Amino acid sequence: MRRAAVATVGLALCIGGAAAALGRVGPSRAAPVAGSTAAGLDGAQLFAAKGCATCHAGPGSTAMAGVGPSLAEAARWAGTRRPGMDAATYLGDSMRDPGGFRSPASTSSAVMPVLTLTDDEIDRLVEHLLGG
């Protein structure tokens with residue numbers, strides 16, 4: 001019961017944090033939110049600003065809610081998840097279509113929200129996750 005409550009709260013934080021950072025939740029290739037300062041952020045800063053760090057641990061960061069699988073070592077495993085798909089493609093595609101990717105490491109029933117990310121933001125996030 002407690003675990004389900006934590007997952008529910010974590011999911012709400014994840015969706016709420018991401019929605020707040022973005023100004024909305026919507027298609028992943030939408031234009032940046034008007035007045036967004038994301039253009040000047042590096043991948044690590046985007047990881048926090050877009051709400052990723054709410055649910056996921058990342059390189060050099062700990063998740064606030066911890067309902068999503070850790071992405072801290074994505075460089076090690078991302079290229080092994082789908083045959084013929086390299087790590088950068090896997091991570092980028094999972095950000096564009098989160099519903100099409102379910103981590104075998106996930107122990108939560110939380111669902112990844114569709115975030116409004118530009119292709120440039122995805123590139124910067126992937127570079128961050130891969131240690132660039």
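**Figure 1. Helix α6 and its cover.** The buried residues of α6 are covered by elements that include α2, α3, α4 and α5. Cover here is counted by contact, meaning heavy atoms within 4.5 Å. The model is predicted: local features need pLDDT of at least 70, side-chain atom pairs count only at pLDDT 80 or more, and totals for chains, interfaces and linings use all residues. Residues are numbered from 1 along each chain as its sequence is written, and side-chain values use heavy atoms, with hydrogens and water left out. In α6, the buried residues are E121, I122, R124, L125, V126, H128 and L129. Buried means under 20% relative accessible area, exposed over 50%, and partly exposed in between (1.4 Å probe, protein chains only). After α6 comes G131, with a positive phi near 90°.

**Figure 2. The largest nonpolar core.** This core holds 21 residues, of which F47, Y90, L91, M95, L125 and L129 touch the most other members. At least two core residues come from each of α2 (43–49), α3 (52–55), α4 (74–77), α5 and α6 (119–129). A nonpolar core is a set of buried Ala, Val, Leu, Ile, Met, Phe, Trp, Tyr and Cys residues joined through side-chain atoms within 4.5 Å. Setting aside neighbours within four places in sequence, L125 contacts G43, L46, F47, C52, M95 and L117.

**Figure 3. D93 on helix α5.** D93 sits in α5, which spans residues 87–96. Its relative accessible area is 27%, so D93 is partly exposed. Beyond neighbours within four places in sequence, D93 contacts M85 and F101. I122 lies 29 residues from D93 along the chain, and their C-alpha atoms are 9.1 Å apart.

**Figure 4. The whole chain.** The protein chain has 6 helices and 0 strands. Helices (H or I, at least four residues) and strands (E, at least two) are DSSP runs, numbered from the N terminus. Of the 132 residues, 40% are buried. Among contacts between residues at least 6 apart in sequence, 59% join residues at least 24 apart.

**Figure 5. Confidence along the chain.** The average pLDDT is 75, and 69% of the residues score at least 70. pLDDT is the predictor's confidence in each residue, from 0 to 100. Helix α1 (residues 2–22) has the lowest confidence, with a mean of 41, while α6 has the highest, at 97. Across residues 1–35 the pLDDT is below 50, and this stretch makes 60 contacts in the model beyond near neighbours in sequence.
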